[in-house]
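Work through the exercises below with the sequence and the 3D view at hand. Try each task before you read its solution.

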Amino acid sequence: MSGSQARTVRRIGVATGSRADYGLYRPILARIHADPSLELQLYVTGGHLSSTFGRTVREIEADRFPIAARIDDSCEDDSPRGLGNSAGLATMGFAEAYAAHKPDLLLVLDRKSTRLNSSHLVISYAVFCLK
């Protein structure tokens, strides 16, 4: 490769909100992180940041994966209003994180309706970037 043909590093964003999805992601994250042509960007939210669920973000830190953003969607109220407030916090947080880090590809494992926010923003972000 000549000097004028700089190698392009692809930024791979991964949204994780629970120990369950992180366990499924772990081998994928290791492969992405080990590949010099890829830059891993973790977007950590949900139970990972909650003391109620054991602050499992510490597992991610122990694995030494780079955390691009910690997105607070915490709301201890599980009423419809509380869930709506949580969705609003997540929407704003993901929008800010994606704008700041500009991932080329976003990977979201959407197992629960509570993660709908990250999936919705993945679609919105992709459509916006393609325009």
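Two strands count as paired if DSSP finds at least two bridges between them. The model used here is predicted.

**Exercise 1. Strand pairing**

Task: Find how many bridges join β2 to β3, and in which direction the two strands run.

Solution. Step 1: locate strand β3 at residues 67-71. Step 2: count the bridges between β2 and β3, which gives 4. The cut-off for pairing is at least two bridges, so these strands pair, and they run parallel.
Step 1: turn to the other partner, strand β1 (residues 10-16), which is joined to β2 by 7 bridges and also runs parallel to β2.
Step 2: pick out Y43 in β2. A15 stands opposite Y43, and in β3 the bridge partner of Y43 is A69.

**Exercise 2. Crossovers**

Task: Trace the chain from β1 to β2 and state the hand of the β-α-β unit. Then do this for the path from β2 to β3.

Solution. Step 1: β1 is followed through helix α1 (residues 19-34) to β2, and the three elements make a right-handed β-α-β unit.
Step 1: from β2 the chain crosses through helix α2 (residues 57-63) to β3, and this crossover is right-handed.
Step 2: check how far β2 is covered. Of the 8 residues in β2 (residues 38-45), 6 are buried.

**Exercise 3. Salt bridges**

Task: Which residues are linked with R19 in a network of salt bridges?

Solution. Step 1: the structure holds 5 salt bridges. One of them joins the side chains of R19 and E59, at 2.9 Å from N to O. R19 lies in helix α1 and E59 in helix α2, so this pair ties together parts that are 40 residues apart in sequence.
Step 1: R26 and D63 meet in a salt bridge at 2.8 Å, N to O. R26 is in helix α1 and D63 in helix α2, 37 residues apart.
Step 2: R19, R26, E59 and D63 are linked in a network.
Step 3: E59 has a relative accessible area of 26%, D63 has 29% and R26 has 32%. Buried means under 20% and exposed over 50%, so E59, D63 and R26 count as partly exposed.

Task: Where in the chain are the two partners D104 and R11?

Solution. Step 1: the side chains of D104 and R11 meet in a salt bridge at 3.5 Å, N to O. Step 2: D104 is in the loop between α3 (80-101) and β4 (105-108), whereas R11 is in strand β1, 93 residues apart.
Step 1: both partners are partly exposed, D104 at 39% and R11 at 27%.

**Exercise 4. Helix α3**

Task: Which residues of α3 are buried, and which exposed residues lie on the face turned away from them?

Solution. Step 1: the buried residues are G82, S86, A90, F94, A97 and Y98. Step 2: seen down the axis of α3, its buried residues fall within an arc of 120°, so they line one face of the helix.
Step 1: recall that an α-helix has 3.6 residues a turn, so residues three or four places apart point the same way.
Step 2: the face turned away from the buried side carries the exposed residues R81, M92 and E96.
Step 3: look just after α3, where K102 takes a positive phi of about 50°.

Conventions:
Residues are numbered from 1 along each chain as its sequence is written. This is a predicted model: local features need pLDDT of at least 70, side-chain atom pairs count only at pLDDT 80 or more; totals for chains, interfaces and linings use all residues. Side-chain values use heavy atoms; hydrogens and water are left out. Buried means under 20% relative accessible area, exposed over 50%, partly exposed in between (1.4 Å probe, protein chains only). A crossover is right-handed if, with the strands pointing away from the viewer, the path from the first strand over the helix to the second runs clockwise. A salt bridge is a side-chain nitrogen of Lys or Arg within 4 Å of a carboxyl oxygen of Asp or Glu. The arc is that of the directions from the helix axis to the C-beta atoms.
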